[in-house]
Structures are given as C-alpha cells and as structure tokens.
Amino acid sequence: MAFTINNLKDNSNVVIREQLGGFSVIEYKEDLSSTNMMEAQANYFMSKSNMRNKQLMIELNNSEVMLSAGAMQYMVGNIEMTSGVKGVGGLMRNIVSSAVSGTSAIKPLYKGTGTILLETTYKYLWLIDVDNDHIVIDDGMFLACESSLEVSVAARKSLSSAALGGEGLFNLSARGKGILALEAPIPSEEAVVVELQNDVLKVDGNFALMWSNSLDFTVEKSGKTKMGSAASGEGLVNVYRGTGMVWLAPLMQYRNSLFTPAGQ
C-alpha cells in the first residue's frame, strides 16, 4: 500500500525518531527496493549495522524556514521559495561567506503552508531548540532552520586557533530563538555535552561538533613547557575557555583512525 504525504507517519516502514515544532525526523526501517543480489546484500548489512535512511519533514503553517541549498526533495502545498538574498550587496556578502566557510552562498527560504521533505541521508539528523543563544556549528552540518534564527559566519578570534586547531578560520553560527536541524556524523545519544561555568576544556583533536560562541577558543601546548608537552605525548590541544557548552563526538575520532592509512 502506498502512503500519501498526509499519512506518511502511519507507514509501517517508517519510525518518527524525533519531533520538534513542525520538524520531524523520519527513519525508514529497511530499504524495500532491492532488485538484485548486490543491493539486497548491501541493504542487509546496512540494516544490521543500524545504517538506515533518514529524512527531515517540515510542516509549515503560514511560516518560513531556511534550507541548505539543494536539500529539498519535494514539497506539497501553497509554499513559495525565494533565494533568501537581499539585493546585489546581499549576494556578494553570501558569496564571501560561502568562500570562507565552505558552504553554499544561497540558502533558500520557503514560506507558506504545506509540507517539505528533504533529501534522504544515512547521516544522523539532530533537532535543536535554540533559545536566545548563539552557537557555532562545525562545517557541513547545517541542514535547515526556522527563519527566526540568524545564520551567519563566525570568525575565529585568533589565527593560531584556526591554523593549528583543525577547525577552520570561519564557521557558520546560529543566533536567536528557533528550531535548528543539523546533519551530524553521529547519533545525538553518542554526543558528550560539556557545560562550562567559567571553566576550561582541553580537547586533543578536532571532534567538537558545536560550541557556544561565548567561549574563547585557542590552541595551546598540553603542558606548561615544551618538555612537558613532549612527555605527555599530546603536543597541542584545542582549548575552550569561559562559560558555555561544547558538543563532542569522542568516538568519531577513533572510528576515523580505523580507516586512515598508516602514515597519514
């Protein structure tokens, strides 16, 4: 039996993993479209490894959202799409922002009443309720948000943190109040959230996925002296100092090391 978009949530092959406002994370239990042995074998192992197709569904009720360019798969209803760029000056600012942050210059706006389905993905979809906050997002994670959030580029406070920290000189940030949807490399249950109250977090590696813009980010030696850093075997560490939150993916770095050729 085929299901219309209005009763997609009742599909027995669909699980609603999370809902927040008009945003819903849909997960398909299995891929039913195998037509040959190779596809069936791949689908079997992906299913056993908890690797399932996911999709973000956004229901608009005379409201507006911003999407990552190319993210929309299909939509139904009275919905208008605009480029989200205000004039030539806005386009130039977006082009500069896209060049430094590695993201698309155009993030289209969708306004009206209806339902939008985004492209399917094997990554994990996070829904975050940003409540009068300002958070910085790791490259490539932005998927969609309510237009009440201001999405802009956040620059590193020091060149050393960008050059040595492995996080880049510029990142996207979201500020204000609204729902933010991210495409993450790990499930939210695997993330470790560190809340700092005028404290210091030192991280050996670039596996921070998000952090409060209020934090001061620097790259420092793990020890007070060169000899101490060498003895610890850590060398340089990323340091987050102040009051705010950091979302870490500690298992991601280990998994990446398993598939990195020796010597790289």
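This report covers strand pairing, salt bridges and one lysine in a predicted model.

## Basis

The model is predicted: local features need pLDDT of at least 70, side-chain atom pairs count only at pLDDT 80 or more, and totals for chains, interfaces and linings use all residues. Residues are numbered from 1 along each chain as its sequence is written, and side-chain values use heavy atoms, with hydrogens and water left out.

## Pairing around β13

Strands here are DSSP runs (E, at least two residues), numbered from the N terminus. Two strands pair if DSSP finds at least two bridges between them.

Strand β13 spans residues 236-248 and pairs antiparallel with β10 (residues 192-203) over ten bridges. Valine 192 sits opposite leucine 248 of β13. Strand β12 (residues 216-221) also runs antiparallel to β13, with six bridges. There, glutamate 220 has valine 237 as its bridge partner. Strand β11 (residues 208-212) joins β13 through three bridges, again antiparallel.

## Pairing around β9

Strand β9 (residues 170-184) pairs antiparallel with β6 (residues 124-137) over 13 bridges. Isoleucine 137 has leucine 172 of β9 as its bridge partner. Strand β7 (residues 142-146) is antiparallel to β9 and joined to β9 by three bridges. Phenylalanine 142 bridges to leucine 182 in β9.

## Salt bridges

Side chains of opposite charge can pair when their charged atoms come close. A salt bridge here is a side-chain nitrogen of Lys or Arg within 4 Å of a carboxyl oxygen of Asp or Glu. The structure holds four. Among them is lysine 177 with aspartate 131, at 2.9 Å, N to O. This pair links β9 to β6 across 46 residues. Partly exposed means a relative accessible area between the cut-offs for buried (under 20%) and exposed (over 50%), with a 1.4 Å probe and protein chains only. Lysine 177 is partly exposed at 47%, as is aspartate 131 at 48%.

Glutamate 150 and arginine 175 form another, at 3.4 Å, N to O. Glutamate 150 is in β8 (residues 149-155) and arginine 175 in β9, so the pair ties together parts 25 residues apart in sequence. Arginine 241 meets glutamate 220, with the closest N and O atoms 3.1 Å apart. Arginine 241 is in β13 and glutamate 220 in β12, so parts 21 residues apart in sequence are tied together.

## Lysine 111

Lysine 111 lies in β5 (residues 109-118). Lysine 111 counts as partly exposed because its relative accessibility is 48%. Beyond neighbours within four places in sequence, its contacts (heavy atoms within 4.5 Å) include Leu60, Glu64 and Asn78.

Definitions and conventions
Helix = DSSP H or I, 4+ residues; strand = E, 2+ residues; numbered from the N terminus.
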